[in-house]
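Here is a friendly briefing to read alongside the model. Take a look at the structure first, then follow the points by topic.

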Amino acid sequence: MRLKILGCSGSVISTESPASCYLLQSEGHRPIIMDIGNGAMGAIEDVVNPSECDIVLSHMHPDHAADMTSLVVWRRYSHLASDEPAKLYAPNYFSTRLGMWFSDHEGEIADLQDTFHICGWKVGEKVELNGFLIEPFPADHPGECYCLRFTEISTGATFAFSGDTGPCDGVLQAAQDVDCFLCEATWTTQPGLPPHMHLTGRQAGEIAQQAKVGRLLITHIPPWTDKDKVYQEVTSCCSAPAELVTPRSEYEW
Ligand SMILES: [Zn+2]
């Protein structure tokens, strides 16, 4: 499988990167856009026709989903639009939340089904999409939020994405024994951090170590967090190869 980093800035867009957005692809299948945060649309346009992708969303916070607004417009109105609705897996209130943006009248919800075939995640149910089996696990983060585990059907290769989460069983189960784990690390260790929200570099490293992942990719570091300190925390407690991802970097396994 191939993973391309299109946006990896945590919480907000930065001068170096859009917010969270990744492209996953199994050979011979349509690409999957995984999260589409602030500023991601331009990065997607640069590498693929956005109409030719299907979409999975970990949750609906703007830094993971805001550019869905751009993708709707692209799919509906650009000359590169598609007549076929894209498949989209998302939190169960996705249609309501995004439909409110596209309604022209207060209190109404626009119907997006001309543009997307929308399915809500169900914990315990794997879905098959574009050469992958994908399983959602509950994350420890405000709202309906998931950690996602991917298995490439043709090769058995595995991948997990933490989404946004505090330390919890869901992220451990999603990441257990995967070949590659893309994990958020929003903070460095310090007093007073709010619970049920995000991971420090140390917590990300500890989860990767406990889950016995083959490789650890760290993402979602906000512009105000010290990247070097995050890396030090990660590598102080994780023996797997680890790195901080950067925009446009690609991985294949
Ligand atoms: Zn979030």
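## Briefing

In strand β14, Y251 is the residue that L3 stands opposite. This is a predicted model, in which local features need pLDDT of at least 70, side-chain atom pairs count only at pLDDT 80 or more, and totals for chains, interfaces and linings use all residues. Residues are numbered from 1 along each chain as its sequence is written, and side-chain values use heavy atoms, with hydrogens and water left out.

**The sheet**

- Strand β1 (residues 2-7) runs antiparallel to β14, and 3 bridges join the two; strands pair if DSSP finds at least two bridges between them.
- The open sheet has 7 strands in the order β6-β5-β4-β3-β2-β1-β14, with mixed pairing.
- Its edge strands, each pairing on one side only, are β6 (116-120) and β14 (250-252).
- From one strand to the next, the twist averages 20°.
- Helix α3 (residues 68-77) lies across β3 (32-36), β4 (54-56), β5 (86-90) and β6, and runs at about 145° to β6.
- Helices (H or I, at least four residues) and strands (E, at least two) are DSSP runs, numbered from the N terminus; axes are lines fitted to C-alpha atoms, for helices over the stretch in contact, with angles from 0 to 180 degrees between N-to-C directions.

**The zinc site**

- The zinc ion has the protein donors H59 (NE2), H61 (ND1), H141 (NE2) and D164 (OD), at 2.2 to 2.4 Å.
- Donors are N, O and S atoms within 2.8 Å of the metal (3.2 Å for Na, K and Ca), and sites may look incomplete because water is not among the atoms.
- H59 counts as buried at 1% relative accessibility, whereas H61, at 28%, counts as partly exposed.
- Buried means under 20% relative accessible area, exposed over 50%, and partly exposed in between (1.4 Å probe, protein chains only).

- T165 sits in the loop between β10 (158-161) and α5 and is buried, with a relative accessible area of 0%.
- Beyond four places in sequence, T165 touches residues including H141, V171, E184 and H198, where contact means heavy atoms within 4.5 Å.
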